[in-house]
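Here is a short note for a colleague who is opening this entry for the first time. Please keep the structure in view while reading.

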Amino acid sequence: MVSTGLPLMTVTDYADNWVNVKVKQSVLDKIKEGQQATLIPVSVPDKKYTGKIVNISRKPEFATARATNDRGEKDIVTYNVKIKVNSAQLRPGMSVQVKFE
């Protein structure tokens with residue numbers, strides 16, 4: 001028996017994957033679509049993968065990084081950046097560090 005709205009399975013093509021990263025507004029002027037990015041898995045820091053920025057969201061996301069104290073810090077506005085990787089070694093849910101070249 002399966003309840004309405006619950007998935008039965010997920011089909012994933014590991015050779016066609018991407019990474020979504022939230023980028024601060026102060027970094028946006030340093031990146032552009034088509035630019036290369038280096039992805040480093042948190043669990044294996046000596047392994048590196050390359051990807052290409054395929055989309056930079058035009059819609060901001062507010063307060064994705066919140067101020068941590070009362071000394072005048074402001075919540076940070078970020079934008080979603082989608083990086084196409086195409087590497088079967090990176091799986092959904094893995095944590096990676098992204099460096100823009």
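**Notes on the strands and the core**

1. Strand 1 and strand 5 form an antiparallel pair over seven bridges. Pairing here requires at least two DSSP bridges between two strands. Within this pair, Asn-20 stands opposite Lys-82 of strand 5.

2. This is a predicted model, in which local features need pLDDT of at least 70, side-chain atom pairs count only at pLDDT 80 or more, and totals for chains, interfaces and linings use all residues. Residues are numbered from 1 along each chain as its sequence is written, and side-chain values use heavy atoms, with hydrogens and water left out.

3. The chain has zero helices and six strands. Both kinds of element are DSSP runs numbered from the N terminus: helices are H or I, at least four residues, and strands are E, at least two. The mean pLDDT (the predictor's confidence in each residue, from 0 to 100) is 86, and 87% of the residues score at least 70.

4. Look along strand 1. In a regular strand, side chains alternate between the two faces of the sheet. Val-19, Val-21 and Val-23 point to one face and are buried. Buried means under 20% relative accessible area, exposed over 50%, and partly exposed in between (1.4 Å probe, protein chains only). Buried residues make up 27% of the 101 residues in the chain.

5. Which residues touch the most other members of the largest nonpolar core? They are Val-21, Ile-31, Leu-39, Ile-53, Val-81, Ile-83 and Val-98, out of 14 residues in that core. Strand 1 (18–24), strand 2 (36–41), strand 3 (49–56) and strand 5 (76–84) each supply at least two of its residues. Such a core is a set of buried Ala, Val, Leu, Ile, Met, Phe, Trp, Tyr and Cys residues joined through side-chain atoms within 4.5 Å.

6. Asn-80 deserves a look. Asn-80 lies in strand 5 and is buried, at 15% relative accessible area. Its side chain makes a polar contact of 3.3 Å with that of Asn-20 and another of 3.2 Å with that of Lys-22. A polar contact is a pair of N or O atoms within 3.5 Å; within protein, one must be able to donate a hydrogen and the other to accept it, and residues adjacent in sequence count only if both atoms are side-chain atoms.
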